[in-house]
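Please consult the sequence and structure shown here.

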Amino acid sequence: MTGSGSVTTGPLPIGQFVQLVKQTVVRDPLFKNQALRGEVTQWKQYPSGHTYFSLRDRDGQMKAVIWKGRCAIDPNIKEGSEVVVLASIDLYVRRGDIQLNVERIEPVSILGELEKTKRKLIEQLTKEGEIDRQRLPLPAIPKHIAIITGAGSAALSDMQRLIENRWPGLRRTVIGVLVQGPQATEQIVRGLAAARKLSDPVRAKQRGEPPVDLVIVGRGGGSPEDLWAFNLEPVARAIIASPVAVVSAVGHESDVLVSDLVADLRASTPSDAIERVVPVLPELYYLLDEYQDRLGNASRRQINDNMQRLRTLHARLRVAPMEGLNRAKAEIFSLSSRIKVSANQNISAQATRLAQFEASLSAIHPQRVLERGYSMTQTADGSVLSSIDGVEIGQSIILNFADGSADAEIKNTHQNEGEK
Amino acid sequence: MNDKVPTYTEAMQRLEAIVTTLERGGMGLDETLKLYEEGADLLRLCKTELSTAEGRLNELQLDEIESELQED
């Protein structure tokens, strides 16, 4: 018989049945690496190196075993000690007994000590002003994210998947570290140091990539002891010292960790961190396209309006002298001479310019004109030169071409005939 | 706007201001062309920003990255 739902014809040998039960039980993730709390009874350390005991509280109990060399055992643990263990369920087929395979065991009193240290550290950091210090801004577009977390962890694959959904191919460097156990603190600190080096612009240039501009440090959820490295001073100090923004992304709900208090952004889980720092790329492009359309449409309308206004003005100016003639001849003479000078010069120049604009309406951009071989002349202060008036010999000018510009000096000037 | 290259956020804010001004209307030709050009430059800058964020995916153990950084 294999799997559930198959039908057997005869009674099943008990050994096979227990084996099946075992397979089902050990496969359940709920029973894997659970943090459990209880009181130690029947504590027995055998010469073989294995330790057997039961973990119990008012409501229930279960046998437990710590295989030889599995973890360090605090010598203070004895009959009646309150402990927290990290354990997975196992079934001893020969006897049909369910037992806990213990991976780690800590007396609860130690947790109490840890709590005290954490509180002291928070007090100290508050006094130093680190908790309330000005936070570094997060980059709107992260160009290089460093992710410091457990290599091959579920938290990492969650983050990777989420990034690919939001911004495929976003540049990132994952620094795989141990996030629990005795080496975790040191490894996280070293990971942050490596990220710091990657954030150095000079070094980044040598490596041929943008400097790291955002650091995510975190892990998935676990028991308080599992997360403890994130409550320790070296990690807190390394986060504070980071020259780029750091996101604390440790999966936990209730208790605040010291890393959360000192980071530039606190995320509730690694996935939450990604959602808060990685933009959705298609949305950004959509926004840019929208701006592009609005910019083009609004500019075209402005140019059309301007041309319309000038055409009207031009027409009105041509008839104005005739209307005024009957009322005040003298005034009209002076007016018409003014119009001749200013209107003919300025307005028709404008109108001509506009006619040119009209002709090249589809190619609004001055660049197009330059590409056809014209060049634009500017004075040193940037204003455009469109007349020989006021141009002096020896004056410095800039000639703008379609693909560049050149500095030049006026050697001589010539007024076109009939222009004055 | 000063000579410093604006950040993505600053560029987007300026773009919004430019587009709003142009859409309100009443601009002269010079001003219109100046704004159009500035807006087009900002759009180009933003698109470049987005494309530079794409790149290598490194996944390294602490020891590997440390020795890699040592070699630099």
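H4(A) is largely enclosed by the rest of the structure, because eleven of its 15 residues are buried; a residue is buried if 20 or more other C-beta atoms, placed from the backbone, lie within 10 Å of its own. The model is predicted: local features need pLDDT of at least 70, side-chain atom pairs count only at pLDDT 80 or more, and totals for chains, interfaces and linings use all residues. Residues are numbered from 1 along each chain as its sequence is written, and chains are lettered from A and ligands numbered from 1 in the order in which they are written.

**Helix H4 of chain A**
- Helices (H or I, at least four residues) and strands (E, at least two) are DSSP runs, numbered from the N terminus.
- Among the buried residues of H4(A) are Gln187(A), Arg190(A) and Leu198(A).
- The cover over these buried residues includes S6, S7, H5, S8 and H6 of chain A, together with H3 (62-71) of chain B.

**Interface**
- In chain A, 38 residues are in contact (C-beta atoms, placed from the backbone, within 7 Å) with 35 residues of chain B.
- S7 (172-177), H4 (184-198), H5 (201-207) and H9 (281-325) of chain A each supply at least two residues of the side that touches chain B.
- H9(A) gives the most to that side, with 13 residues.

**Strand pairing between chains**
- S7(A) and S1 (residues 57-61) of chain B pair (at least two DSSP bridges) in the parallel sense over five bridges.
- Arg172(A) has Leu57(B) as its bridge partner in S1(B).

Methods
Contact = placed C-beta atoms within 7 Å. Buried ≥ 20, exposed ≤ 12 C-beta atoms within 10 Å, placed from the backbone.
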